[in-house]
Amino acid sequence: MDHDPKTIDSILKNWTFDPNSVSVRLLELPQREIIQLRIDLGLLQLEVTDRPDGWRPGGEPTYLQFLRQKAKQLGDEFALTEDECSEIDREFVQFYHRRVCWLQLKRFDAAISDADHTLEMMDFCKQHSPNDEWTISHEQYRPFVLYHRIKAAALRCFETNAGAEPAIEIINLGLDQLREVFAEFEVEEQFDEDELVQRLTEFRETIRSEYSVGRTLQERLDDAIAAEQYELAAEIRDQLTRRNTD
């Protein structure tokens with residue numbers, strides 16, 4: 001394959017696409033870092049801060065921030081146009097690709113940040129949506145984004161040496177968040193059978209087994225309250241407070 005500076009042939013030749021894994025790399029350039037994601041037809045190149053394509057709509061770091069400013073200025077007159085809805089969808093996709101890259105690169109803080117941005121976009125869309133159908137087209141992915149965020153936050157506990165118990169508690173809190181989403185859409189009966197819920201539950205129990213963690217302090221507190229053992233609950237609360245202030 002001849003090298004042509006106008007093509008990316010040399011990159012693709014030396015970086016084989018693997019359909020069974022996320023092939024990603026972080027490159028340090030003289031002035032900035034970039035992410036490259038290998039896909040079947042080539043590669044995606046993403047900026048590591050603000051909007052992944054590097055565009056600054058209206059001078060703002062992301063399209064969400066641009067729309068927030070517009071909504072603030074127009075007040076009750078603000079309504080999303082068809083073009084704005086399309087641009088929101090573009091930003092959703094871009095942040096999805098980068099979030100997946102961050103998880104693969106084990107950059108958990110960045111993955112959490114990008115998940116938070118997407119969740120904030122979903123909240124904004126729900127508030128200003130032109131119709132219920134468009135709202136549902138985004139809300140259906142909320143559990144998946146939460147799943148990524150929960151997993152990244154739990155894995156960060158090991159990266160920062162916080163340990164297994166806080167990771168388990170993060171997963172438990174995340175499962176509570178997911179249950180609230182299912183309840184909001186009146187499908188709570190599907191919660192226990194949901195694939196993402198089962199994955200998180202298995203992840204939690206794997207951590208518990210590998211690190212020999214019994215019931216966490218928060219779980220013991222919940223058990224004590226449920227059993228109306230209020231003196232024990234008070235003792236456990238004190239332990240939690242001491243742990244969180246150490």
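## Helix α6

In the predicted model, helix α6 (142-159) buries Arg142, Pro143, Val145, Leu146, Tyr147, His148, Ile150, Ala152, Ala153, Ala154 and Cys157. Buried denotes a relative accessible area under 20%, exposed one over 50%, and partly exposed a value in between, for a 1.4 Å probe and protein chains only. Helices are DSSP runs of H or I with at least four residues, strands are runs of E with at least two, and both are numbered from the N terminus. The buried residues of α6 pack against α3, α4, α5, α7 and α8 (195-210), where contact requires heavy atoms within 4.5 Å.

The 18 residues of α6 should span 26 Å at 1.5 Å a residue, and the end C-alpha atoms of the helix lie 26 Å apart, which agrees. The expected span is taken as 1.5 Å times one less than the number of residues. Just after α6, Asn161 adopts a positive phi of about 65 degrees.

## Basis of the model

Residue numbers start from 1 along each chain as its sequence is written, and side-chain values use heavy atoms, with hydrogens and water left out. Because the model is predicted, local features need pLDDT of at least 70 and side-chain atom pairs count only at pLDDT 80 or more, whereas totals for chains, interfaces and linings use all residues.

## Helix α5

Helix α5 comprises residues 132-139, of which Trp134, Thr135, His138 and Glu139 are buried. Viewed down the axis of α5, these buried residues fall within an arc of 130 degrees, so they line one face of the helix; the arc is that of the directions from the helix axis to the C-beta atoms. The face turned away from the buried side carries the exposed residues Asp132 and Glu133.

The cover over the buried residues of α5 includes α3 (82-105), α4 (108-128) and α6. At the start of α5, a side-chain oxygen of Asn131 comes to within 3.2 Å of the backbone nitrogen of Glu133.

## Packing of α2 with α3

Two packed helices are described by the angle between their axes and the distance between the axes. For α2 (residues 63-74) and α3, the angle is about 145 degrees and the axes are 10 Å apart. Axes are lines fitted to C-alpha atoms, for helices over the stretch in contact, and angles run from 0 to 180 degrees between N-to-C directions.

Tyr63, Leu64, Leu67 and Lys70 of α2 meet Glu84, Glu87, Ile88 and Glu91 of α3.

Asn172 belongs to helix α7 (residues 164-184) and counts as buried at 17% relative accessibility. Not counting residues up to four places away in sequence, Asn172 touches Arg204 and Glu219.

Tyr211 lies in the loop between α8 and α9 (217-226) and is partly exposed, with a relative accessible area of 46%. Leaving aside neighbours within four places in sequence, Tyr211 is in contact with Phe158 and Ala164. Tyr211 and Glu165 are 46 residues apart in sequence, with their C-alpha atoms 8.8 Å apart in space.

## The chain as a whole

The chain contains 10 helices and three strands, arranged along the sequence in the pattern α-β-β-β-α-α-α-α-α-α-α-α-α. The C-alpha trace spans about 70 × 50 × 35 Å along its principal axes.

Of the 246 residues in the chain, 38% are buried. Among contacts between residues at least 6 apart in sequence, 52% join residues at least 24 apart.

Definitions and conventions. Polar contact = N/O pair within 3.5 Å; in protein donor to acceptor, adjacent residues only side chain to side chain.
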